[in-house]
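Trainee: I have not looked at this structure before. Could we go through it by question and answer?

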Amino acid sequence: MVPPARAPIRTDRLRALNEPVRAAVECDDRGRPVQLCLGDDPTPRAIATLVEEWRLDDEWWRDPVARRYVEVVLCNGKHLVLFEDLLDGAWYVQTP
């Protein structure tokens with residue numbers, strides 16, 4: 001058994017894990033993402049493959065959430081999960 005550290009619990013040091021980052025996403029004529037720029041980095045990253053797509057609609061009775069998620073593979077092999085906020089049209093990136 002580990003003895004208590006006796007340090008006070010600090011809730012001011014809590015932070016969200018895997019917080020989404022705003023992205024500029026370019027889509028083709030069918031609405032599928034083909035390239036993106038992450039956050040403040042203007043470097044475009046090409047999307048090689050769309051792995052999966054799904055939609056989430058939740059909390060319609062309170063503060064509605066409507067998102068379209070797309071899992072993609074970039075040309076460098078990195079996997080990302082993009083989502084489009086269907087209420088305001090903004091795109092975000094999360095790493096799986």
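Mentor: We start with a definition: rings of Phe, Tyr and Trp, the last by its six-membered ring, pair if their centres lie within 6.5 Å. Note also that the model is predicted.

Trainee: How many aromatic pairs does the count come to by this rule?

Mentor: A pair of aromatic rings is described by the distance of the centres and the angle of the planes. The rule for pairing uses the distance of the centres, with the limit of 6.5 Å. By this rule the number of aromatic pairs is four.

Trainee: Trp54 and Tyr69 form an aromatic pair; is it stacked or edge-to-face?

Mentor: The ring centres of Trp54 and Tyr69 are 5.3 Å apart, with 0 degrees between the planes. Planes under 30 degrees apart count as stacked. The pair of Trp54 and Tyr69 is therefore stacked.

Trainee: Which strands does this pair link?

Mentor: The two residues are 15 apart, and the pair links distant parts of the chain. Trp54 lies in strand E3, residues 45–58, and Tyr69 in the other strand, E4. The strands asked for are E3 and E4.

Trainee: Is Tyr69 buried or exposed?

Mentor: Buried means under 20% relative accessible area. Trp54, at 34%, is partly exposed. Tyr69 has 10% relative accessibility, so Tyr69 counts as buried.

Trainee: What is the angle between the planes of Trp60 and Trp61?

Mentor: Trp60 is exposed, at 71% relative accessibility. Trp60 and Trp61 form an edge-to-face pair, 5.6 Å centre to centre. Edge-to-face requires planes over 60 degrees apart, and the angle here is 85 degrees.

Trainee: Which element gives the largest share of the largest nonpolar core?

Mentor: The largest nonpolar core has eleven residues, among them Ala23, Leu36, Val72 and Trp91. Strands E1, E4, E5 and E6 each give two or more residues to this core. The largest share is three residues, and the element that gives it is E4.

Trainee: How many residues are in the other core, which lies apart from it?

Mentor: Its members include Tyr69, Phe83, Ala90 and Tyr92. Tyr69, Phe83 and Tyr92 also belong to one aromatic cluster with Trp54. The number of residues in this other core is five.

Trainee: What radius of gyration does the protein have?

Mentor: The protein has six strands and zero helices, and its C-alpha trace spans about 60 × 40 × 25 Å along the principal axes. A compact globule of 96 residues would have a radius of gyration near 12 Å. The value for the protein is 18 Å.

Key:
Residues numbered from 1 in each chain as written. Predicted model: local features only at pLDDT ≥ 70, side-chain atom pairs only at ≥ 80, totals over all residues. Heavy atoms only, no water. Core = buried A, V, L, I, M, F, W, Y, C linked by side-chain atoms within 4.5 Å. Buried < 20%, exposed > 50% of the residue type's maximum accessible area, 1.4 Å probe, protein only. Helix = DSSP H or I, 4+ residues; strand = E, 2+ residues; numbered from the N terminus. Rg over C-alpha atoms; globule rule 2.2 N^0.38 Å.
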